[in-house]
Amino acid sequence: MKIGIIGLGTVGASVLKILSGEKERKNKEIGDIEIIKICDRKNNDLVGYDFTDDYKEVLNDHRIDTVVELIGGVGAAYEISKKTLNSKKNLVTANKHLLAIHGKELFSLAEKNCVKLQYEASVGGGIPILSPIKENLFVNDFKSIRGILNGTCNYMLSKMEEGLTYSEALEDAKLKGYAEADPTFDIKGIDTAHKISILAHLAWGELKEFSEISIVGIDKLTKDDIEVAKSQGLRYKLLGEANFDGKELNIRVAPVTIKNDELFYSVNGVYNAVELDGNYTGKTIFYGEGAGGDATATAVISDIYKIKLGE
């Protein structure tokens, strides 16, 4: 298997590190995975790799059968993804924004060109949540999906409960590296909406128009709101929720109060949790770190190996 990596930021660097570090052990199990070319505008001085700053060199390299897109956004990433699939190359991505907006088209292109589109890392970081829906629990008729899907917001809410104001919690999250310089997608609930949209698509086969999703973030919550909830034995969590009533897929994102006897109550800091409610399995919970280079990279690499194994 010969791959090209586009984007060597936090996740891309971890993918490269883990693939290199595990190469000997994994190659014995399922065969060689060779990194043919890496595209990145900054990190181009690593010894032993063929670097370029032009993604077209990756897409046009006839040796490469799988492209790993890790640049994010919906500009260049959208063009890269379309051209990858139309070039009959497999695509692995961690890009939830891309899939929430352009997923219908990309899934169709993958099917049309008989190639794989894998995206386990787009939701939940290192938490294996997409594969169980597709493979282990697929026989279920899902009633609902709920989840804490954004570590930045969850961390901020935990800090506000400790006494910080909203502004102080946001600054602390930035200092800890949990929040981007521009945290808009996180705090306004957009990132959570991207993720719950992808989960709903897997569960019910419909990718809802993003403009139709009700989205409320945590940016209007105050320290007083947190204190009032706390006095009542409640805790605010930003939840992405989806259900299918037999006719319509309903998706919403909003901060809601959680009782202290609910599992989500104890999910704090940067941790994520997802609850799937199936007609056969009942409620199944998935919990873990939802972000971070190494955690997310494990999901990316899992997708690479699935393609290698023909899954």
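Colleague: Is K96 buried, partly exposed or exposed?

Modeller: This is a predicted model. The relative accessible area of K96 is 25%. Buried means under 20% and exposed means over 50%. K96 falls in between, so the class is partly exposed.

Colleague: And D191, buried or exposed?

Modeller: The cut-off for buried is under 20% relative accessible area. D191 has 6% relative accessibility, so the residue counts as buried.

Colleague: How many residues apart in sequence are the parts that K96 and D191 tie together?

Modeller: The two side chains meet in a salt bridge, at 3.3 Å from N to O. K96 lies in helix α5, residues 96-112, and D191 lies in helix α10, residues 190-204. The pair therefore ties together parts whose separation in sequence is 95 residues.

Colleague: Which residue joins K96 and D191 in a network of salt bridges?

Modeller: A search of the whole structure gives 18 salt bridges. K96 and D191 belong to a linked network of them.

Colleague: Where does the salt-bridge partner of K104 lie?

Modeller: The side chain of K104 meets that of E209, with N to O at 3.5 Å. K104 is in helix α5, and the two residues are 105 apart. E209 is partly exposed, at 43% relative accessibility. E209 sits in the loop between α10 and β8.

Colleague: Which strands does the salt bridge of E241 with R252 tie together?

Modeller: The closest N and O atoms of E241 and R252 are 2.9 Å apart. E241 counts as buried at 17% relative accessibility, whereas R252 is partly exposed at 37%. The residues are 11 apart in sequence, and their pair ties together β9 and β10.

Colleague: Which strands are the edges of the open sheet of 6 strands?

Modeller: The order is β8-β10-β9-β7-β11-β12, with mixed pairing. An edge strand here pairs on one side only. That picks out β8 (214-215) and β12 (282-289).

Colleague: What angle does the direction of helix α11 make with that of β9?

Modeller: Helix α11, residues 223-231, packs on the sheet. The helix touches β9 (234-244) and β10 (249-259). Its direction and that of β9 make an angle of about 90°.

Technical notes:
Residues are numbered from 1 along each chain as its sequence is written. This is a predicted model: local features need pLDDT of at least 70, side-chain atom pairs count only at pLDDT 80 or more; totals for chains, interfaces and linings use all residues. Side-chain values use heavy atoms; hydrogens and water are left out. Two strands pair if DSSP finds at least two bridges between them. Helices (H or I, at least four residues) and strands (E, at least two) are DSSP runs, numbered from the N terminus. Contact means heavy atoms within 4.5 Å. Axes are lines fitted to C-alpha atoms, for helices over the stretch in contact, and angles run from 0 to 180 degrees between N-to-C directions. A salt bridge is a side-chain nitrogen of Lys or Arg within 4 Å of a carboxyl oxygen of Asp or Glu. Buried means under 20% relative accessible area, exposed over 50%, partly exposed in between (1.4 Å probe, protein chains only).
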